[in-house]
Structure formats: structure tokens, C-alpha cells
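Colleague: Could we go through this model together? I would like to start with the aromatic rings and then move on to a few individual residues.
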Amino acid sequence: NAINLLENNIDKINWDALSANPNAIKLLSKKIQLENTLTKEELYYLENKINWDALSANPNAINLLENNIDKINWKYLSKNSNNIDLLKNNKDKIHWTFLSLNSNAINLLENNENKISWVSLSTNPNAIELLTNNQEKINWIMLSRNPNAIDLLENNPDNIDWYFLASNPNAINLLKNNNIDMNQQYWNELSKNPAIFKAV
């Protein structure tokens with residue numbers, strides 16, 4: 001929310017950090033235009049410049065990325081939920097482990113099941129149907145963290161990792177209804193759970 005302040009202090013901007021800011025697209029666009037006029041040598045010695053790793057993960061940077069395909073970090077783009085069309089058109093560049101984390105990539109993943117990282121997918125809140133249909137491939141430790149997997153976990157209590165479930169904001173009733181060995185590690189995870197303040 002500091003864009004106006006940044007626009008009035010261009011010389012003080014940290015472009016590396018700003019590259020991840022979804023509200024800074026106008027500023028980033030101008031900076032990219034400037035950098036694209038530089039030679040490779042000039043760009044190499046430029047100290048404060050666009051971070052293409054961070055920009056590739058920026059959900060509002062689609063147009064900037066589409067116009068600078070050669071600079072994209074496809075690993076970070078693969079978990080960017082707003083760039084599915086760009087990923088569909090460049091399947092050979094997809095990082096499938098990161099795509100498996102992408103909540104908007106379910107259709108793309110369903111059509112490429114042999115490339116799914118099931119460890120990553122087990123944490124994906126939009127992948128419950130796909131996980132339910134492939135329970136033998138689930139990573140139950142990661143699934144225990146998944147806020148949308150409560151029904152699946154309740155139906156498979158022997159597979160629950162109670163340590164990771166303790167930080168799951170939708171698991172309060174499941175935690176309350178089971179006698180668990182509440183060691184210090186469990187309490188550390190439970191203390192991270194925002195839902196404990198609503199629990200009665």
C-alpha cells in the first residue's frame with residue numbers, strides 16, 4: 001500500500017523486493033522498459049534491478065511476463081495461480097513439483113497425472129477430489145496440513161499425522177475429539193493455529 005510513497009522516491013526503491021509486490025505493476029513495467037534498453041554488460045553491473053524470480057511468482061505480473069518470456073523463472077511461475085494459460089502454452093517448461101502446489105492448476109494436473117508430485121499435491125486445498133480418487137498416492141503428513149482435507153482425514157484417522165494436523169485451522173474439532181499425546185512439539189504447532197482463539 002506504499003505505492004504513492006515509492007513513486008515519489010524512485011531513487012530509493014529496492015527493485016529486488018518490489019518485484020514481488022502485486023500492487024507495483026506500473027512501477028515495475030517502467031523499470032523493465034528501462035532495463036531492456038541496456039546492453040548485457042550494462043545490465044550485469046546494474047546493482048538495483050528487477051528480480052525475475054520474484055516477478056515470476058507475482059500474481060499481477062502476467063502481462064509483464066508474457067512480454068518477457070526469456071526472463072521467466074518457470075519454477076516460480078509454476079506455482080503462480082494467475083498464469084495458468086501461460087503454463088498451458090509452455091508445458092515443456094513447467095516445474096511439476098511447484099505446479100502441484102498451484103491451487104488453480106487442477107485441470108492441468110488431472111490431464112498430466114504421471115507428472116504430479118503427490119507430496120506437493122497433498123497440501124493443495126483444491127485437489128481434494130483428485131486426492132480422494134488416488135488415496136494410495138497421498139502423502140498423509142502433508143495432507144494433515146491441508147485445510148480442505150478434514151473429511152478425508154476423518155475417514156482415515158490411522159493415517160493422520162497429529163503433529164502437522166495441530167496447525168491446521170479447520171481441524172480443531174478433530175483435535176478436540178481425539179485423545180492425543182500432547183507433547184511439547186504438538187503444543188508448538190497448535191500455538192500456530194489461528195483457529196484456537198475461536199475454539200471452545
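**Aromatic pairs and selected residues**

Modeller: A search of the whole structure finds three aromatic pairs, where rings of Phe, Tyr and Trp (its six-membered ring) pair if their centres lie within 6.5 Å, with planes under 30 degrees apart counted as stacked, over 60 as edge-to-face and the rest as tilted. Keep in mind that this is a predicted model, in which local features need pLDDT of at least 70 and side-chain atom pairs count only at pLDDT 80 or more, while totals for chains, interfaces and linings use all residues. Residues are numbered from 1 along each chain as its sequence is written, and side-chain values use heavy atoms, with hydrogens and water left out.

Colleague: How are the rings of Tyr44 and Tyr45 arranged?

Modeller: That pair is edge-to-face, because the ring centres of Tyr44 and Tyr45 are 5.0 Å apart and the planes stand at 90°. Both Tyr44 and Tyr45 are exposed, where exposed means over 50% relative accessible area, buried under 20% and partly exposed in between (1.4 Å probe, protein chains only).

Colleague: And what about Tyr76 and Phe98?

Modeller: Tyr76 and Phe98 are also edge-to-face, since their ring centres lie 6.2 Å apart with the planes at 85°. This pair links distant parts of the chain, with Tyr76 in helix H7 and Phe98 in helix H9 (residues 96-99), 22 residues apart; helices here are DSSP runs (H or I, at least four residues), numbered from the N terminus.

Colleague: Is Phe98 buried or exposed?

Modeller: Phe98 is buried, with a relative accessible area of 17%, whereas Tyr76 counts as partly exposed at 28% relative accessibility.

Colleague: Switching topic, where is Asn80?

Modeller: Asn80 sits in the loop between helix H7 (74-77) and helix H8 (84-88), and it is buried, with a relative accessible area of 2%.

Colleague: Which residues does Asn80 touch?

Modeller: Not counting residues up to four places away in sequence, Asn80 touches Ser56, Ala57, Asn58, Pro59 and Asn102, contact meaning heavy atoms within 4.5 Å. A polar atom of the Asn80 side chain lies 2.9 Å from the backbone oxygen of Asn58.

Colleague: With which side chain does the side chain of Asn80 make a polar contact?

Modeller: The partner is the side chain of Asn83, at 3.2 Å. A polar contact is a pair of N or O atoms within 3.5 Å; within protein, one must be able to donate a hydrogen and the other to accept it, and residues adjacent in sequence count only if both atoms are side-chain atoms.

Definitions and conventions
Helices (H or I, at least four residues) and strands (E, at least two) are DSSP runs, numbered from the N terminus.
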